[in-house]
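I set out to record what can be looked up in this structure, entry by entry. Please keep the sequence and the model at hand while reading.

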Amino acid sequence: MTTNKTRIAVFCSGNGSNFKALFQAIRNKQLPAEIVLCLSNRAQCGAMEFAEQNSIATAHITEKQFASFDEFTLAMVKRLKEHHIDIILLAGYMRKVPDAVVSEFPGKMLNIHPALLPKFGGEGMYGIHVHTAVLEAGETETGATVHFVNEEYDKGEILLQRTVPVLPDDTPETLAARVLACEHALYPDALEKLLTLQKS
Ligand code: GRF
């Protein structure tokens, strides 16, 4: 490629507020990186709309489009290679990334989780369920975690974490909003850290 910027694919399924925050932060912090692909299991969602509005390539890929899981996986890897992807950032991607895709990107795939892993992680711990569990456990603080992706849900090495307080009158929704705001600063910082680590 002619550019020496790190080429990023974001995987999303929903609103894409983390994707938007990453996109802005790459500009504001002048990071040597560029989001070049938005991959989603949903043809239409906030993230895909944002990608289209900002001339970022989109890929709608789901298992249902293929005769077998292997074909689905191969198509995903092929698309990532076509776009010369260096790093994958999962940002609200509501599917498990196939192992064959994970193994193509060792140390180059990150996920953001809305809690302080290893607490409140694993299968079923997503969205509002996480914040409900945090409140039920009587935690006084929670936060967000950016971690490397491996074959197990939420189990990869932690790259960066940040805490936020749990307030006495919090509902799952108010807590979710506070954690999400934290994520929007944390994910760009984690990306910056990864880019620095890769240089050294
Ligand atoms: C975030 O809370 C993230 O931690 C989780 O899914 C949510 C995605 O939100 N993995 P958005 O689509 O980035 O707004």
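**Entry 1: conventions.** I note that this is a predicted model, in which local features need pLDDT of at least 70 and side-chain atom pairs count only at pLDDT 80 or more, while totals for chains, interfaces and linings use all residues. Residues are numbered from 1 along each chain as its sequence is written, and side-chain values use heavy atoms, with hydrogens and water left out.

Entry 2: Buried means under 20% relative accessible area, exposed over 50% and partly exposed in between, with a 1.4 Å probe and protein chains only. The largest core has 36 residues, and I8, V10, F19, I35, L89 and L191 touch the most other members. Helix α6 (residues 172-199) contributes the most, with 8 residues; helices (H or I, at least four residues) and strands (E, at least two) are DSSP runs numbered from the N terminus. Because domain 1 (1-105) and domain 2 (112-147 + 156-200) both supply residues, this core lies between them; the domain bounds come from an automatic or database domain assignment.

Residues up to four places away in sequence aside, L191 touches I8, L22, I26, L31, I87 and L89. Another core, of 21 residues, lies apart from the largest one and has V36, I85, Y93 and V97 among its members.

**Entry 3: helix α1.** Which residues of α1 are buried? I found N18, F19, A21, L22, F23, A25 and I26. They pack against β1 (6-12), β2 (33-40), α2 (46-53), β4 (87-90), β5 (109-113) and α6. Just after α1, Q30 takes a positive phi of about 50°.

**Entry 4: N18.** I located N18 in helix α1 (residues 17-28). Is N18 buried or exposed? N18 is buried, at a relative accessible area of 8%. Its side chain joins that of E183 through a polar contact of 3.0 Å. Such a contact is a pair of N or O atoms within 3.5 Å; within protein, one must be able to donate a hydrogen and the other to accept it, and residues adjacent in sequence count only if both atoms are side-chain atoms. Beyond neighbours within four places in sequence, N18 is in contact with A91, I112, L180, E183, H184 and Y187.

**Entry 5: salt bridges.** I recorded 10 salt bridges, each a side-chain nitrogen of Lys or Arg within 4 Å of a carboxyl oxygen of Asp or Glu.

- K96 and D99 pair at 3.3 Å, N to O; K96 is partly exposed at 40%, as is D99 at 38%.
- E152 and K155 pair at 3.7 Å, N to O; E152 is partly exposed at 48%, whereas K155 is exposed at 54%.
- R162 and D189 pair at 3.0 Å, N to O. R162 lies in strand β7 (residues 158-165) and D189 in helix α6, so this pair ties together parts 27 residues apart in sequence. R162 is partly exposed at 31%, and D189 is partly exposed at 23%. Salt bridges with shared partners join K29, R162, D189 and E192 into one network.

Technical notes
Core = buried A, V, L, I, M, F, W, Y, C linked by side-chain atoms within 4.5 Å. Contact = heavy atoms within 4.5 Å.
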